[in-house]
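Subject: Structure handover

Hi,

Here is the structure for you to look over. My notes follow below it.

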Amino acid sequence: MLSYIIRRVFQSVLVLLIVGLVAFAMFTFIGDPIDNMLGQERTQEDVERLRERLGLDQPFVVQYVKFIISAAQGNFGVSYEQGRPVADILAERAPATLELAAVSGLFALSLGIVLGVFTAIRRNGFAANLIMGTSLIGVSLPTFLIGILLIYVFSVELDWLPSFGRGETVQIGGWTTGFLTGSGLRALILPAITLGLYQMTLIMRLVRSEMLEVLRQDYVRFARARGLSERAVTFRHALKNTMVPVITVTGLQLGSIIAFAIITETVFQWPGVGLLFINAVQFVDIPVMAAYLMLISLMFVAINLAVDLLYVAIDPRLRT
Amino acid sequence: MTTVTKPKSRFARFWDSDFAYNFRRSPVAMVSFAIVAILVISSMFAPLFATMNPFNPANLDLLNGFTPPGTPNDFTGERFLMGTDDQGRDVYSTILYGMRVSLFVGFAAVMLGMVIGVTMGLISGYFGGWTDTIIMRVADVQLTFPSILVAMLIFGVAKGFTPVEYRDQLAIWVLILAIGLSDWVQFARVVRGATLVERNKEYVQAARLMGRGAFPILFRHILPNVLSPVLVIATISLALAIIAEATLSFLGVGAPSTQPSLGTLIRIGQGYLFSGEWWILFFPSVTLLALALSVNMLGDWLRDALNPKLR
């Protein structure tokens, strides 16, 4: 048990170090930072002095270790494009992405569970079949087409909801929130649906199949025999036992919501971290790309590690 | 008296096979196959089917710009089946040429992913030990990231390494590399599993006794026996690769506008969403959808047809 945990933690740290190496290699091999920092009128001595001051004359390994240490302290260098520290830009952009991810996750979870239960208890009904059929098409549609479709219907044709940006935001400390203004909330709706739709269908299908499984079990039949109302049987007894796999899947999907936010943020010009990353790729803004790469891998590795450790905590068979 | 039975032709034998029977019984498979065939052929021979080469400026007439589909242009009186874009390009022709890029990138990326994945899977399953551990660890790590994100990162890194003046020319190849490297894991896992089973069978032991080297055994003996699941994964990967390519190009980190794919066309069309020129966006989107959906359905059918255990 303990050795398993140690091994997993060790692996996670190794992965992060390798990702850091990739990020560092991007810095080292793409362009010469000296060229970027010194103008045309420079002497060989200036170059040497700056090289020494920046530590670029040191061996590769020493530079790499320094890079990792400063990254761990949240120092990712200065953006080539904006000329500001990357950490500041990220901190400024993060609230937009996190709010979007939270709302779409909530949307996916709540609607997914409701529709999953519905399609399971009315498994042969017309509405349930319609929902299942539509969900199949929804899964095969690329995210950006869903976004465009929603914009077309709700912004162009009906003119109900805004098609880009966050609307008005309120500044609370270092956090900008769109939750407190009407236009901020309205701006959230379409991006959140676009981002959450795939996860919603995933959760719906999962809940449906788990419910169908559970509803066949004896304890549900006994609950019915005891004269409990159908509602109590479904929600109190059956649904509870479908939640374990749903929670694990939701946990694992958290990472992909953040990753797929890149696409949604581009469609809706949502000023979050994903849009920042795409712009960085377009302009080959290495410090921003490297920082995003390391942050997102930290997140994925942490989520996976947490899920693995949770499994051990939940399932006694793994504790050997 | 001996009756001489004529040996059946290859085609007749194929027609009688389980596989072909299955195909004839499945309307979904036939319709998807027909759509894929039409789209692939029309884009392969795009110059024959297109009304113009939309990327030769000599063919373009700016007066034809923004002609709605089917109606004659106000100035020139020309008609266009799917309308024209801002520069007077025929949307129908750009779709054919764009689909060419999409399909080429999709096929090439799947090929690359397949070659890498199958090789890694064979080596991993056959040699075991440290080699196996390292390859599978790398695969596990890559699998924890969504493949579209991996492709984006590879694209970004590769773009950084290419010199500025070649970036547009090389974009297509970088795209193939990025998508190919992002989906080798599926192939490697399946092939590794199958190789583990095949490795201990008698024909492999016999080949080993005859003194054949490890690589001839892997590629001449084991490979043909692990190929059928690879085919299924390749088809499903193709649909995913086409969507991945479209997504990257849509985000502006894929095919350049000088060599647009369907995703690039949708990106361009999105700019006209509010000004009413719906056809510039609509037709490329529908084409992409038809292509991805039918390849996907074909893949699903193929999986059921080649794997009787699932039925």
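Helix 7 of chain A and helix 8 of chain A cross in a right-handed sense. A crossing counts as right-handed if the near helix is turned clockwise from the far one, and as left-handed if the near helix is turned anticlockwise by less than a right angle. Helices are DSSP runs (H or I, at least four residues), numbered from the N terminus.

Before the rest, the ground rules. This is a predicted model, where local features need pLDDT of at least 70, side-chain atom pairs count only at pLDDT 80 or more, and totals for chains, interfaces and linings use all residues. Residues are numbered from 1 along each chain as its sequence is written, chains are lettered from A and ligands numbered from 1 in the order in which they are written, and side-chain values use heavy atoms, with hydrogens and water left out.

**Helix pair in chain A**

Two packed helices are described by the angle between their axes and the distance between the axes. Helix 7 spans residues 143–157 of chain A, and helix 8 spans residues 182–215. Their axes come within 9 Å and cross at roughly 150 degrees. Axes here are lines fitted to C-alpha atoms, for helices over the stretch in contact, with angles from 0 to 180 degrees between N-to-C directions.

Helix 7 of chain A brings A:Thr143, A:Ile146, A:Gly147, A:Leu150, A:Ile151, A:Phe154 and A:Ser155 to the contact. Helix 8 of chain A answers with A:Leu190, A:Ile193, A:Thr194 and A:Leu197. Contact means heavy atoms within 4.5 Å. By class, this contact has seven nonpolar, four polar and no charged residues.

A:Gln199 is buried, at 4% relative accessibility. The cut-offs: buried is under 20% relative accessible area, exposed is over 50%, and partly exposed lies in between (1.4 Å probe, protein chains only). Neighbours within four places in sequence aside, A:Gln199 contacts A:Ala108, A:Gln253, A:Ser256 and A:Ile257.

A:Thr119 lies in helix 5 (residues 86–121) of chain A. Its relative accessible area is 0%, so A:Thr119 counts as buried. Residues up to four places away in sequence are not counted in what follows: A:Thr119 touches A:Ala128, A:Ile131, A:Met132 and A:Arg208. A:Arg208 is 89 residues from A:Thr119 in sequence, yet the C-alpha atoms are 6.4 Å apart. The side chain of A:Thr119 also reaches the backbone oxygen of A:Gly116, at 3.1 Å.

**Salt bridges**

How many salt bridges does the structure hold over all chains? There are seven. The criterion is a side-chain nitrogen of Lys or Arg within 4 Å of a carboxyl oxygen of Asp or Glu.

One of them is in chain A. A:Arg84 pairs with A:Glu92, with the closest N and O atoms 3.3 Å apart. A:Arg84 is partly exposed at 31%, and A:Glu92 is partly exposed at 45%.

In chain B, B:Asp140 and B:Arg137 meet at 3.2 Å, N to O. They are about one helical turn apart, because they lie three residues apart in helix 6 (residues 129–144) of chain B. B:Asp140 is partly exposed at 25%. B:Arg137 is partly exposed at 36%.

B:Glu198 and B:Lys201 form another salt bridge, at 3.3 Å, N to O. B:Glu198 is buried at 10%, whereas B:Lys201 is partly exposed at 37%. Shared partners also join B:Arg137, B:Asp140 and B:Arg189 into one salt-bridge network.

Best wishes

Key: Helices (H or I, at least four residues) and strands (E, at least two) are DSSP runs, numbered from the N terminus. A polar contact is a pair of N or O atoms within 3.5 Å; within protein, one must be able to donate a hydrogen and the other to accept it, and residues adjacent in sequence count only if both atoms are side-chain atoms. Ala, Val, Leu, Ile, Met, Phe, Trp, Tyr, Cys and Pro count as nonpolar, Asp, Glu, Lys and Arg as charged, and the others, Gly among them, as polar.
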